[in-house]
Amino acid sequence: MEEKKEKVRKTEKSSASTTKEMIKNFEEILEKKDERIKELEDQLARLKAEFHNYRMALQREQEMLVKREKENVIFKLIGLLEDFERALNHGGNTSENFVRGIRMIYKRLSTILTEEGVEEILPATGTAFDPFRDEAVETVESDTAEEMSILEVREKGYRYADKILKAPKVVVAIKPKRVEEEKDKDKPSGQ
């Protein structure tokens with residue numbers, strides 16, 4: 001009988017140790033699964049963020065393309081507007097109705113461009129020449145005007161969305177050469 005009790009105790013001990021090992025194994029498996037779930041959740045969160053960033057970049061690129069195309073169309077319309085200006089300025093002996101019609105078309109086109117956000121750039125005479133905004137088509141020596149100031153605006157410019165589509169064409173004052181030469185003569189040599 002003792003043997004039977006001993007066998008039962010051994011079986012119970014081995015059964016208890018096997019159960020403990022099984023529980024420990026299941027806990028390890030659950031822990032690994034939890035870690036894997038956390039990894040997958042992190043990966044999913046990163047993928048969501050990457051996709052969101054991709055969508056935003058794509059949207060910005062689309063907006064940039066639309067803006068660029070709009071700039072191209074506006075640039076072409078500006079050329080047409082300037083052609084109307086030239087026609088109006090040189091249409092001296094044409095019929096009054098024709099000139100009135102051209103003037104109406106010019107005003108309409110000018111209004112459309114203004115509504116689309118196009119601004120005229122018309123620098124004032126006497127202001128400083130800005131090489132980032134203006135295009136110097138000629139330089140003229142002048143004793144009376146300040147150096148690098150605008151003497152005349154030949155063509156106005158146009159800006160759209162903080163970008164200069166067409167720079168105003170200006171005539172810029174420079175110091176006369178003879179004045180510069182006299183100053184150079186007045187300086188002592190060696191300086």
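Tutor: The secondary structure comes to three helices and six strands, where helices (H or I, at least four residues) and strands (E, at least two) are DSSP runs numbered from the N terminus. Along the sequence these elements follow the pattern α-α-β-β-β-β-β-β-α. The model is a predicted one, in which local features need pLDDT of at least 70 and side-chain atom pairs count only at pLDDT 80 or more, while totals for chains, interfaces and linings use all residues. Residues are numbered from 1 along each chain as its sequence is written, and side-chain values use heavy atoms, with hydrogens and water left out.

Within α2, Val99, Ile102, Tyr106, Leu109 and Leu113 are buried, where buried means under 20% relative accessible area, exposed over 50%, and partly exposed in between, with a 1.4 Å probe and protein chains only. Seen down the axis of α2, these buried residues fall within an arc of 90°, so they line one face of the helix; the arc is that of the directions from the helix axis to the C-beta atoms. The other side of α2 carries exposed residues, among them Glu96, Met104, Lys107 and Arg108. Just after α2, glycine 117 takes a positive phi of about 100°.

Now to the sheet itself. Three strands form an open, antiparallel sheet in the order β1-β4-β5, two strands being counted as paired if DSSP finds at least two bridges between them. The edge strands, each pairing on one side only, are β1 (118–121) and β5 (163–166). Neighbouring strands of this sheet are turned by 35° against each other on average, direction ignored; the axes behind that angle are lines fitted to C-alpha atoms, for helices over the stretch in contact, and angles run from 0 to 180 degrees between N-to-C directions. In general, strands of a sheet pair through backbone hydrogen bonds, either parallel or antiparallel.

On one side of the sheet, β1 pairs with β4 (residues 157–160) in the antiparallel sense over four bridges. Valine 118 belongs to β1, and its bridge partner in β4 is tyrosine 160. These two residues are 42 apart in sequence, yet their C-alpha atoms lie 4.7 Å apart in space. Valine 118 is also buried, with a relative accessible area of 8%, and for the protein as a whole, buried residues make up 17% of the 191 residues.

On the other pairing, three bridges join β4 to β5, which run antiparallel. Here arginine 159 has isoleucine 164 in β5 as its bridge partner. The hairpin of β4 and β5 has two residues between the strands, and in this hairpin alanine 161 takes a positive phi near 50°.
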